[in-house]
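Work through the following exercises with the sequence and the three-dimensional model at hand, and try each task before you read its solution.

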Amino acid sequence: MDVTTWYLEQTSRSDLLPAGLPAIEADIVRAEVASPEFSRFLYTAVGGDWQWTDRLGWTWREWERLLGGGVETWVAYHRGTPAGYVELTPGQDASVEITCFGLMSWATGRGLGGRLLEAGTARAWDLADRHEDREPTGRVWLHTCSLDGPHALANYRARGFRVYDVEHGAPGDEDEGVTPGPWPGAGPRSPTVTGPPDDDRRECRPR
């Protein structure tokens, strides 16, 4: 199966559009302690149904290096339980990439995806406020592809992201087949709740 990838960006803080209130309460908190164990848990719990496989073979040290490079992880909690997360990766050119974004299966369809994306994008724009060595953010970008959730592209556009490049026909052999699920042997899951398109949820496959 060939894969289409869309690259999207915001070039001004004013590009960010607000989301509606979600149907469930959520606190969005930065994971300030670098924890490879926690980051891998989030990666597999959110991405296991959507072919997030690039990091599955990483060692603990590789996760540690990622988190030591200025990456920020913002986690949405509902009643004390992780519901989803956003991973922000600063670039060398005052840009910030949203490298991972999505919700747990149980949290989908409740309007939380738009709220989490809004909050994560806002934290990308003010990232320099938390890092004295950073220039103010001048651009926030991400990519999504045809292997992601069916409403991913619409959700990003609803928050003010604009498509600036499209790649068609990239080979997707390694991404085909049964998704791995949240842990070895778990197998794929089906979302327990469905919702309107602007509520979608596990949208960004990391490189």
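**Exercise 1.** Find which residues of α1 meet which residues of α2, and describe how the two helices pack.

*Solution.* Start with the contacts, meaning heavy atoms within 4.5 Å: Pro36, Glu37, Ser39, Arg40 and Tyr43 in α1 meet Trp60, Trp63, Glu64 and Leu67 in α2. The helices are DSSP runs (H or I, at least four residues), as strands are (E, at least two), numbered from the N terminus. Next, take the axes, which are lines fitted to C-alpha atoms over the stretch in contact, with angles from 0 to 180 degrees between N-to-C directions; they lie 9 Å apart at an angle of about 95°. That makes α1 roughly perpendicular to α2, a term covering 65 to 115 degrees.

The model is predicted, so local features need pLDDT of at least 70 and side-chain atom pairs count only at pLDDT 80 or more, while totals for chains, interfaces and linings use all residues. Residues are numbered from 1 along each chain as its sequence is written, and side-chain values use heavy atoms, with hydrogens and water left out.

**Exercise 2.** Decide which residues of α2 are buried and which are exposed.

*Solution.* Buried means under 20% relative accessible area, exposed over 50%, and partly exposed in between (1.4 Å probe, protein chains only). In α2, which spans residues 60-67, Trp63, Leu66 and Leu67 are buried. They cover an arc of only 90° around the axis, taken from the directions to the C-beta atoms, which puts them on the same side of α2. On the other side, Arg61 and Arg65 are exposed. Finally, the cover over the buried residues includes α1 (36-47), β3 (72-78) and β4 (81-90).

Conventions. Angles under 35 degrees count as roughly parallel, over 145 as roughly antiparallel, 65 to 115 as roughly perpendicular and the rest as oblique.
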